[in-house]
Amino acid sequence: MKRIHPPRLTPVAAIVASVVLACAAGVIHAHGGDPDQVYAVKIPYASQDQLSQLTGMLDHPYVDQKTRTVHAEVSDEELHAVEALGIGVQIDVEETARIKAFITSRSRDESSGALNRPSREQPSSVADGTHSCYRTVEQTYATFDELKAKYPDLVQLKTLGPAWMKTQIKEPTVVNNQYDNSWSSYTSLLAKFIPQSLLQRFNLALFPAQPHDVRAIVVGNFKKQEGKEVPRMVWTGGIHAREYAPQEVGTKFIEWLLDNYGKDPNATMMLDNNQYHYIIHNPDGRKLAEQDRSARQRKNTNYITALCTTGTNAQLSSGVDLNRNYPFGWATGGAGGSDGNVCGETFRGTGPASEPETQAVLNYVRGTWNQAQCKWEGGALPDGRPKSAEYCNPENRSTVTGELDWQTGASDEYGGGMFIDLHSNARAILWPWGVERTENGFNTHTPNNKGMAVIAQRLAYHNNYSSQQLLSYNTEGTTKDAFYGFLGAPSYTVEMGRSFYEDCGVFDRETYPENFNGFHYMSRALHRVYKLPFGPDTVDVKVEQTAAVPAGTKVNVSALVDDNRYRYSNAGQANILPPPYPVVYNIASAKVYIDQMPWDAGAEGKPLELGTSDQAKSDFPDATKRAFGQIDTTGLAPGRHMVYVQGTNSDGKPGAVSAAFLDVAEAKSSGGGGGAVGGLAAALAGLAAVALQRRRKQAASSSL
Ligand SMILES: [Zn+2]
């Protein structure tokens with residue numbers, strides 16, 4: 001939830017809300033009077049105006065457009081404010097009870113000392129098991145270290161810079177013959193800035209001795225990638241501290257990639273061809289959120305320039321919303337895009353990139369400015385946004401008008417990868433720009449809008465979320481607007497799950513699998529992420545062999561090629577144009593490649609045949625096809641080979657690729673056919689011949 005701010009509301013509502021706020025801070029608590037109570041609510045809305053009003057007050061609500069209902073977690077104070085608008089609120093009793101049980105069991109664990117264990121032995125951020133699936137910051141960083149030790153060739157670790165608390169640390173000094181340690185540890189700093197009445201909510205033994213850095217894990221087959229430009233998937237997790245699931249989703253996907261390299265063909269293809277840069281954005285805030293749910297920590301812990309001294313949680317409402325602190329369009333959008341009040345949940349900071357966490361991530365992803373080349377260099381994502389002489393400066397600002405460049409897009413050939421900021425819990429996929437600006441002709445669309453919309457619609461099919469560009473509220477100074485604005489990289493916010501403090505059952509059953517599917521798809525389209533989503537997805541590549549076959553054997557291969565894998569949603573705000581429908585086409589062709597990606601120089605794919613698929617939808621039967629054929633292994637060297645299949649639709653657009661293994665046995669000493677020269681070409685020629693034969697046989701009944 002955001003706190004309530006008059007500028008977000010209509011004048012009448014603003015008066016009501018400020019009265020309610022005053023009440024909430026005083027005596028009246030119609031719902032039990034517990035200022036720490038959190039309610040799960042469903043709020044039906046009757047009009048777009050009401051929806052805007054609600055989402056102006058609530059942060060990360062999930063808007064169910066079908067049933068016209070807003071789902072959210074609200075405090076007692078916020079519940080009052082919604083009721084004061086005259087909108088009926090239904091309390092989700094079951095979910096509210098779960099939240100209550102969580103808080104109760106936490107304080108029980110706290111008082112019994114169950115939480116009082118060294119962090120490495122602690123199973124989770126909380127001891128009662130409800131949230132045992134979420135690693136603490138220490139455990140996440142320990143996982144990074146363990147993965148590096150286990151997979152030294154596939155993992156690099158990066159320290160991006162200190163988080164805010166670490167920037168405040170000072171060596172103990174001697175004052176009046178006494179050591180002054182009050183600036184030398186995480187807990188001493190907390191004690192310095194937070195009054196005892198609030199500090200006592202925390203078990204200080206669970207905080208690290210020293211505050212953390214912002215860190216990243218980078219994975220990929222670096223040896224294989226040497227000298228090549230490879231696309232990068234750059235994720236940030238945990239930028240909003242209380243959103244439990246995102247940080248864990250990223251860590252688990254990284255683990256899946258590494259644990260399955262050489263075992264799962266797609267994981268192998270992904271690490272051979274892509275790099276993954278996964279960043280833990282807000283470790284300080286997370287340490288508070290791990291322990292204290294009722295403080296609802298979202299921001300970083302800047303207790304100096306973002307110190308809050310008013311309201312229910314006062315100092316615990318301090319901090320900068322790092323996802324409003326990014327410099328591209330910082331504090332320019334107005335209309336609720338960010339907040340200038342230090343106590344506000346979307347406080348933007350005292351200046352663009354004022355926070356050390358923002359600087360660390362920005363420097364890492366964007367790199368350094370090269371004035372001579374007029375571009376950013378050396379960052380995790382390359383600069384794909386051409387800058388004319390007028391905009392040739394690190395701010396991307398016109399030397400004539402002083403305005404930012406909102407109009408220049410990246411080439412569809414951008415091969416640098418993409419950026420995704422992981423959040424809870426609005427079940428939506430959002431892309432730039434986050435707000436209409438007068439300077440941009442009241443337009444939220446970027447020059448790359450069509451590409452970004454189609455990426456989102458494909459991704460939405462895989463993670464079941466809504467591809468809608470914006471939520472019902474405006475945002476500015478966000479990660480995604482910055483990395484698109486500076487670099488032209490396709491940049492997203494993915495809002496996952498159903499709750500900030502998501503139950504592990506929901507996480508395991510739904511949130512992780514949904515996002516796994518989404519990242520799996522994006523990983524297979526990362527080579528040209530603005531283009532490949534315009535083509536059909538290919539999945540389930542199967543090579544029919546139970547054991548390695550002698551070279552010369554013909555092996556069946558099949559795959560599902562499907563252009564119907566997309567999910568369309570309305571835009572999140574009534575006056576924003578919805579994303580264009582991707583036109584779903586019939587499948588035109590599919591090709592198989594051995595040991596070469598379809599886009600590798602000299603790659604030669606051989607056509608597969610197409611047949612009907614039992615997965616085709618009746619209204620679009622030819623958009624989903626089974627592709628099949630035979631691979632002639634004549635001339636293939638003994639060992640493991642990679643088989644890739646890519647489909648193309650009747651609009652001529654090739655799509656995402658999937659892989660399978662093909663194992664060729666050691667040649668028997670007496671056998672012939674060991675010649676290696678021209679082996680691959682022979683195999684592919686053989687394959688084509690088989691396909692041709694089959695096509696002739698089926699010509700009479702073929703629907704091609
Ligand atoms: Zn968030």
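User: What volume does the largest cavity have, and why is it called a cavity?

Analyst: This is a predicted model, and here the largest cavity has a volume of about 120 Å³. The name applies because a 1.4 Å probe fits inside but cannot get out.

User: Which residues are closest to the centre of the largest cavity?

Analyst: Leu430, Tyr473, Thr475, Lys480 and Thr493 are the closest, out of 16 lining residues. By class, that lining has four nonpolar, eight polar and four charged residues.

User: How many cavities of 30 Å³ or more are there?

Analyst: Searching the whole structure turns up four of them.

User: What lines the second largest cavity?

Analyst: Its lining includes Met269, Met270 and Asn273, along with Ser523, Arg524 and Trp599. Helices H11 and H16 each supply at least two residues, and H11 gives the most, with three. The lining splits into seven nonpolar, four polar and one charged.

User: Why is H16 said to be largely enclosed by the rest of the structure?

Analyst: Count its buried residues, meaning those under 20% relative accessible area. In H16, 15 of the 21 residues are buried, so the helix is largely enclosed.

User: How do you know that H16 reaches close to its expected length?

Analyst: H16 (residues 504-524) reaches 28 Å from its first C-alpha to its last, and 30 Å is expected at 1.5 Å a residue. Those values are close.

User: Where is the kink in H16?

Analyst: Look at Thr511, shortly before the proline Pro513: the kink there is about 30°.

User: What makes Asp503 a cap for H16?

Analyst: One of its side-chain oxygens lies 2.7 Å from the backbone nitrogen of Gly505. A polar contact needs N or O atoms within 3.5 Å, so this pair passes on distance. Asp503 caps the N-terminal end of H16.

Notes:
Residues are numbered from 1 along each chain as its sequence is written. This is a predicted model: local features need pLDDT of at least 70, side-chain atom pairs count only at pLDDT 80 or more; totals for chains, interfaces and linings use all residues. Side-chain values use heavy atoms; hydrogens and water are left out. Helices (H or I, at least four residues) and strands (E, at least two) are DSSP runs, numbered from the N terminus. The expected span of a helix is 1.5 Å times one less than its number of residues. The bend at a residue is the angle between axes fitted to the seven residues ending there and the seven starting there. Buried means under 20% relative accessible area, exposed over 50%, partly exposed in between (1.4 Å probe, protein chains only). A polar contact is a pair of N or O atoms within 3.5 Å; within protein, one must be able to donate a hydrogen and the other to accept it, and residues adjacent in sequence count only if both atoms are side-chain atoms. On a 1 Å grid over the protein atoms alone, a cavity is a set of points where a 1.4 Å probe fits but cannot get out, and a pocket is an open set with protein on both sides within 12 Å along at least five of seven lines; lining residues have an atom within 4 Å of a point. Grid points are joined across faces, edges and corners, and a volume is the space filled by probe spheres set on the points. Ala, Val, Leu, Ile, Met, Phe, Trp, Tyr, Cys and Pro count as nonpolar, Asp, Glu, Lys and Arg as charged, and the others, Gly among them, as polar.
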